[in-house]
Every structure is written in C-alpha cells, then in structure tokens.
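The sequence and structure come before the notes.

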Amino acid sequence: MGVKGKKTLPDVDLLVKTFFVRKKFRPDPQGSSVLMTFFAQHFTHMFFKTSYKTNAGATWSGHGVDVTSIYGSNVSDENLLRSFKDGKLRMQVLNNEEFPLYAKDARVYMMYPPGIPESSQFALGHPFFGLLPGLFLYQTIWMREHNRVCDILRGEHPDWDDERLYQTGKLIILGETIKIVVEDYVQHLASYYVNVAFKPEVLFGYPFQYSNKIVVEFNHLYHWHPLMPDSFNISGQQVEMKDYMFRSDLVVKHGTSAITDSLSRQRAGHMSHHNHGAVTLHVLRDTILHGRELRLQPFNNYRARFNLQPYTTFQELTGETKMAAELERLYGDIDAVEMYVGMLLEKRRKRALFGSTIVDMGAPFSVKGLLANPICSPIYWKPSTFGGDVGFDIVKTATLEKLFCNNIPGDCPLVSFRVPEFVEGDVDEGNNFNFRPPPRDEL
Ligand code: HEM
C-alpha cells in the first residue's frame with residue numbers, strides 16, 4: 001500500500017455502496033443450502049475469535065479445531081454446561097425435545113441485547129451463538145450427540161467415572177467434527193468430482209507439525225456474510241431477518257426436524273459483490289477498515305505469495321467491464337486493490353462458490369488446521385484415544401446426515417449442504433442472477 005495507485009485508499013462507505021450493498025438476493029450458483037451457511041459460521045467461530053475491544057489483530061482463539069464452540073471456551077464455562085453425571089452435558093426438555101439450558105439456569109457469559117425474553121436466551125458454547133436459530137440448531141444437535149456418545153461409552157465401560165466419559169466423549173466429538181468437515185463440508189466447497197477422504201495416516205512417517213496458527217488473513221477471507229439470505233424458510237413460511245435474529249425459541253417451537261429440513265431446502269447467497277444484506281453491511285465495513293489498520297498487503301501480493309498469477313487488469317479480475325471501470329477509477333492501479341475487496345469482486349472460478357483466491361488461499365489454511373490437530377498425530381490416532389474400537393469407529397464413520405438423524409426424534413428430515421433441486425448452471429449469472437427455466441424435457 002502506498003507504492004501503487006492513488007495516494008489515499010477509496011472511501012470505505014463509497015466502496016460499500018458501489019460494490020457490495022445487496023439490491024436483489026443473488027443465489028449461490030453452486031446450490032449451497034443455508035444449512036451449509038450455518039455450518040460454516042458455527043464451525044469457524046471456534047477458532048475465529050477476534051478481541052475487537054483490544055484491537056483487530058488480537059485474538060482469544062485457541063488457534064485450531066478445539067470444539068470450544070460446543071463446550072465453551074474455558075473450563076469454567078465448560079463446567080457450567082456439564083451435568084457431572086455419566087459424562088453428559090446439561091439439557092432440558094422443551095416441546096418434547098432436548099435443548100440446551102436457559103442462560104438464567106447456566107450462567108455462562110452470553111451476548112444478548114436488552115429486551116430478549118428469557119425463553120429465547122440459552123446458555124451456549126459461544127457467547128455470540130444466540131444470534132441466529134441456525135447456530136442454536138447446530139449447538140443443540142452437537143450437545144445431543146455428545147450425550148448419545150456418552151451413553152455408548154458407558155455401555156462399553158461401565159466402570160468409567162463422569163470425568164473419563166466426558167473427556168473421551170469430547171475427543172470423539174472433536175474427531176467427528178473433523179471427519180464431517182473434511183468429507184461433507186470441504187467436499188461440498190471443493191465440488192471435486194473425486195471424494196475427499198479424512199485419513200490422518202497418510203501423513204505418518206513424514207515430518208509434520210501437529211500445531212496450528214490462525215492468521216488474520218484466513219479470518220478475513222472467511223467473512224462469508226453474502227451467504228446469508230434476507231429471510232428464512234420455516235416449513236414454507238418466510239421469516240424476515242429482523243424477526244429471526246435472537247430467536248432461538250423458533251427452533252423449540254417448530255422443532256429440530258422442521259428447521260433442519262427447511263434450512264436444507266433454502267438456497268444460500270452467492271459469496272460475491274452486491275450481495276451483503278442490510279444486517280451485515282457494518283461487518284463488511286469493519287473488515288475493510290481492519291484490513292487497513294493491520295496494513296494487510298494488497299490483493300495481488302497475496303496472489304503472488306500463494307503462487308497465483310497476479311491480475312494485470314481490472315477486467316481480468318472481475319471478468320466484466322462495468323465494475324472494473326469503477327474499481328480502476330477508485331484504486332488507480334490493479335496492484336493497489338485491497339485483499340478483501342479483491343476477493344469479493346473476483347470472477348467466480350468454474351464449479352466453485354468463490355473466485356480462485358479464496359479457494360487457493362483458504363484451502364492450505366483449512367487442510368493444515370484440520371490435519372494438524374493433535375488427535376490426527378500418530379500418538380493419538382488410535383482406538384484408545386476414543387475409548388476403544390467402538391468410539392474410534394464412531395469417528396471414522398461420522399457423516400453430517402448421521403449427526404442429525406441420530407439426534408432428531410422421528411423420521412429423519414432432509415439434511416443437505418446442497419438444495420435438492422440444484423442443477424449445474426441453474427443460475428443465470430449473466431442476467432441479473434435469475435434462475436434459469438428448467439430444461440424442456442423436465443417441464
Ligand atoms: C446474519 C448473519 C450474520 C451476522 C449478523 C454476522 C455478524 C457478525 C458480527 C457482528 C461480527 C463481528 C464483526 C465486528 O465487530 O467487526 C462477525 C464476525 C465474523 N463473521 Fe459474521 N455474521 C453473520 C454470518 C456469518 C457467516 C455465515 C459467516 C461465515 C463463515 C460469518 C463469518 C464471520 C467471521 C469469520 C467473523 C470474524 C469473527 C472473529 O474474528 O471474531 N458470519 N459477524
């Protein structure tokens with residue numbers, strides 16, 4: 001910065017207004033569902049934890065996949081969520097289903113704005129997770145899974161005490177998380193024709209550091225707020241964002257089955273320009289400003305650092321001419337475009353949710369973070385870590401669908417990171433992002 005382009009960076013509000021405000025919802029051309037969106041948010045908030053009050057570069061993260069988003073980020077919070085019986089977490093029955101406790105009954109630190117009724121305030125693993133019912137859904141399902149696993153472990157080891165059951169159950173949940181992230185979530189994001197497999201053994205015998213760091217660039221590139229729609233489908237009824245926020249009680253009222261099914265059938269937004277809904281515009285603005293405060297390198301420098309060809313023209317970056325001309329007017333030089341701005345304006349890579357920079361910068365951070373977890377190391381990747389073959393098998397066979405189906409009463413709903421009606425190319429990206437009519441033989 002300061003070497004190429006204009007002497008001052010573009011006004012942030014002008015950038016937001018020109019390139020990012022959503023005028024019309026632009027659906028994800030890869031058919032991602034909102035169940036996937038909430039998975040992304042729930043999973044990544046266990047390690048993206050900026051201490052905004054300290055500064056935009058400070059973090060309270062443990063720098064890896066540590067399931068703190070489920071159990072709480074310190075022993076004191078964990079203890080408040082534990083029952084101290086049979087290794088299980090404390091749950092309550094509401095509307096014939098098990099849910100986390102109300103915040104008033106397990107006083108972990110939660111961030112609820114004033115005026116939220118007690119019946120919508122729950123005690124969750126992350127202070128922010130009361131924000132959206134989709135996050136509450138994941139928290140509920142994972143807590144039920146922990147307790148289900150503890151029952152299995154107790155059957156295998158009747159002599160084990162609460163502490164041993166709890167800690168082993170937690171390790172199994174950690175293993176299941178990584179398995180599901182690799183084989184369901186990364187598989188979905190990558191859209192590879194081949195199946196991605198979670199096999200820690202492939203690294204055994206090679207020098208590899210089983211430790212991880214979450215860098216701030218990874219955090220910024222994961223600001224995927226355009227994935228969020230403006231309203232949410234609940235069994236066919238649309239609930240506006242403003243009536244959905246801080247409404248965990250909607251999951252209790254409609255039930256985990258109906259909410260899971262509805263989120264699986266609703267299309268997420270395209271992670272791109274002109275697609276930030278009203279409630280996340282301020283986050284976008286902050287992200288750009290934080291990038292400046294931290295003096296992040298320009299977009300093209302990151303491309304070079306990650307062995308990608310830097311763009312030579314604005315048109316090459318955006319794949320069109322209108323925004324390219326605007327960008328050129330504001331930045332003056334392609335090498336001056338900021339990292340996050342460039343990522344959102346970059347043309348989409350074929351069969352991908354994003355442009356190539358998010359994919360090629362994000363993938364190595366993700367793979368390292370997942371495989372460098374201590375449970376993947378030769379010392380821990382064995383049955384005894386997970387309470388024997390039965391526990392190890394739960395980890396090795398975990399899937400997103402099983403996670404939900406094993407923990408939702410009655411028939412299993414649709415559990416999918418992709419909406420069922422998706423067909424390749426069903427969004428007309430060249431024409432205002434309208435859905436294309438189905439091919440004639442399907443009419
Ligand atoms: C309507 C939905 C959402 C709202 C209202 C929301 C709101 C926020 C807010 C208020 C912050 C703190 C930013 C700041 O203070 O500057 C934040 C941070 C963040 N959000 Fe979202 N968010 C939403 C959805 C998502 C989704 C779907 C993702 C995808 C993964 C995501 C990823 C992130 C990340 C990575 C951070 C940084 C967290 C940290 O470092 O502490 N958000 N979001």
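F218 is buried, with a relative accessible area of 4%; buried means under 20% relative accessible area, exposed over 50% and partly exposed in between, with a 1.4 Å probe and protein chains only. The model is a predicted one, in which local features need pLDDT of at least 70, side-chain atom pairs count only at pLDDT 80 or more, and totals for chains, interfaces and linings use all residues. Residues are numbered from 1 along each chain as its sequence is written, and side-chain values use heavy atoms, with hydrogens and water left out.

**Ligand site**

- The ligand is surrounded by 26 residues, of which Q41, T50, N219, H225 and D286 are the closest; a residue counts as near a molecule or strand if one of its heavy atoms lies within 4 Å of it.
- By type, this shell holds 13 nonpolar, eleven polar and two charged residues. Nonpolar covers Ala, Val, Leu, Ile, Met, Phe, Trp, Tyr, Cys and Pro, charged covers Asp, Glu, Lys and Arg, and the others, Gly among them, are polar.
- The ligand takes up the space of the largest pocket. On a 1 Å grid over the protein atoms alone, a pocket is an open set of points with protein on both sides within 12 Å along at least five of seven lines, whereas a cavity is a set where a 1.4 Å probe fits but cannot get out; lining residues have an atom within 4 Å of a point. A molecule sits in either if more than half of its atoms lie within 2 Å of its grid points.
- T50 places a polar side-chain atom 2.5 Å from an oxygen atom of the ligand.
- For N219, the distance from a polar side-chain atom to a ligand oxygen atom is 2.7 Å.
- Helix 2 (34-44) and helix 10 (281-293) are the elements that give two or more residues to the shell around the ligand. Helices (H or I, at least four residues) and strands (E, at least two) are DSSP runs, numbered from the N terminus.
- F48 takes part through its backbone, with a polar atom 3.3 Å from an oxygen atom of the ligand. A polar contact is a pair of N or O atoms within 3.5 Å; within protein, one must be able to donate a hydrogen and the other to accept it, and residues adjacent in sequence count only if both atoms are side-chain atoms.

**Aromatic pairs**

- The whole structure contains 31 aromatic pairs. Rings of Phe, Tyr and Trp (its six-membered ring) pair if their centres lie within 6.5 Å; planes under 30 degrees apart count as stacked, over 60 as edge-to-face and the rest as tilted.
- Y185 and F417 make an edge-to-face pair, 6.2 Å centre to centre with 75° between the planes.
- This pair links distant parts of the chain, 232 residues apart: Y185 is in helix 6 (residues 162-190), and F417 is in the loop between helix 17 (400-405) and strand 5 (427-428).
- Y185 is buried at a relative accessible area of 1%, and F417 is buried at 6%.
- F218 and F365 form a tilted pair, with 5.1 Å between centres and 35° between planes.
- F218 belongs to helix 7 (residues 216-221) and F365 to helix 15 (residues 356-371), so this pair ties together parts that are 147 residues apart in sequence.

**Positive phi angles**

- N96, a residue other than glycine, has a positive phi near 65°. N96 sits in the loop between strand 1 (91-94) and strand 2 (97-100) and is exposed, with a relative accessible area of 71%.
- S191, also a residue other than glycine, has a positive phi near 50°. S191 sits in the loop between helix 6 and helix 7 and is buried, with a relative accessible area of 7%.

**Distances between residues far apart in sequence**

- F19, in helix 1 (residues 12-20), is buried at 1% relative accessible area. F19 and V341 are 322 residues apart in sequence, with 8.9 Å from C-alpha to C-alpha.
- T44, in helix 2, counts as buried at 3% relative accessibility. Its C-alpha atom is 28 Å from that of F433, which is 389 residues away along the chain.
- S69, in helix 3 (residues 68-71), is buried with a relative accessible area of 0%. S69 and F129 are 60 residues apart in sequence, and their C-alpha atoms are 8.6 Å apart.
- T140, in helix 5 (residues 133-156), is buried with a relative accessible area of 0%. T140 and T256 are 116 residues apart in sequence and 8.6 Å apart in space, C-alpha to C-alpha.
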